[in-house]
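I opened my notebook to look up a few things in one protein. I started with the overall picture and then went to single residues.

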Amino acid sequence: MPKPRVAQRIKSVISKNPSNNNSENLVFLTNQFIVLKDRLKLLVAAVKAHHGSLVQINKTRLEVAKQIVALSGGSPIHDVAGKLPPSNENGEVLTDSDVNSFASIHILLSGKHQAYADKYLKFVVNYAIEWERVVVSRVSTQLKTARVLQQNLNHYQSKVESIRQGVNVTLAKGKQVDQKTADRLKRNEDKYSIAKREYEDFASDLCTLIEEVTQRSWKDLHPMLIKMAQFDATLSNDEASSLSNLNQVVSVLKQLAQKHGLQPSARLKEIETLTAKMISTKQADEYIENGSSLSIQDDSSVGSTSALTPKNSSTPNNSTTSDPWGTGKGGYASSPASLQSVSGMLAVAAAAAPPPTMEQLEESVTGMRVSAVRRESGVDRTGWQQSSNG
């Protein structure tokens, strides 16, 4: 490889008319390569970030399951919320377990998800990194070589032009060119021809390479795109299959809600505003533990503790209520006062008559006295004297 011509590079920069042997096609394709290089860099950054999100969502999925296990422990919803699948002697979770809880489903899915993330790293991220490395490394190296060859060509071109100019001056003076100058000119013309041929051949091959990796880069994207499409399709199908088991979890939770008289809406507003005794459901839970259950009366104005009603088949019930959980089981119209909800008590208070005034109390007392006098005198309410014979 020719040595870099530092002097020639400086001369071409400061000269008013520098030698220019640039290939127009090479300049155009080099600009295309720069665009491709930037796009490959962005692609690598994007797939790396996506892989990072896959790993992160797997971590957060496990953390959510862990907290569900902790919060549901010892409660009526533990089996369907936080019960964990069994493990073997090596601590590996058994995938063929009959446990079907929110936590177990997400823990099993997490194991699969980690395997998918590893495959994405291997077949997508690493391919993108290798694609960028191969293309950028080879083209960049050859562009540097092309610049060296061009500088070498410019050097001999400038040298030949300088010698020829001296020869022309000598001939113009009517003098003969000495043999040493003639040999020097011939030698540099030969070097110039060789440098020109080397540069043109190399530039032609380089243009072919850059044109292939830029204008037909879709052929290098194709295998990566297949892997990405297969990954997304397989992952989504596997997730859908695993998460479909949550339908059974929802069904059991609805049954528990029906049994405990829970409304779909949360009871946070009641906890925030009402007294402890008004929001307490301890007595209702004890009633359920004794073998009974509570049903839901529809009361959209209050949250989750509205109208908790004992379920008793011996008590007639002709009323119909809505079923907010979609379980197909209605509520009951009557309930003991001890289990009435806050909304039920408020409704009774609103429907009750107002307290009597003092005037009404005095009229009532006067009427009672008149009735007593009449009974003592033997006169009934109609004003007729009662007969002694009855």
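In what order do the elements of the protein run from the N terminus on? I read α-α-α-α-α-α-α-α-α-α-β-β-α-α. The model I am reading is predicted. I noted 12 helices and 2 strands for the protein.

Next I looked up burial and surface. The protein has 390 residues, and 29% of them count as buried. It exposes about 25700 Å². Carbon and sulfur atoms supply 55% of that area.

Then I checked contacts along the chain. I took those between residues at least 6 apart in sequence. Of these, 74% join residues at least 24 apart.

I moved on to helix H5, which covers residues 179-215.

Is Asn188 buried or exposed? Asn188 has a relative accessible area of 2%. Buried means under 20%, so Asn188 is buried. Which residues does Asn188 touch, leaving out those up to four places away in sequence? I wrote down Tyr156, Lys159, Val160 and Ile163.

Why does Asp201 count as partly exposed? Its relative accessibility is 47%. Partly exposed lies between the 20% limit for buried and the 50% limit for exposed, so Asp201 falls in that class.

Key: Residues numbered from 1 in each chain as written. Predicted model: local features only at pLDDT ≥ 70, side-chain atom pairs only at ≥ 80, totals over all residues. Heavy atoms only, no water. Helix = DSSP H or I, 4+ residues; strand = E, 2+ residues; numbered from the N terminus. Buried < 20%, exposed > 50% of the residue type's maximum accessible area, 1.4 Å probe, protein only. Contact = heavy atoms within 4.5 Å. Areas by Shrake-Rupley, 256 points an atom, 1.4 Å probe, with all protein chains shown as cover.
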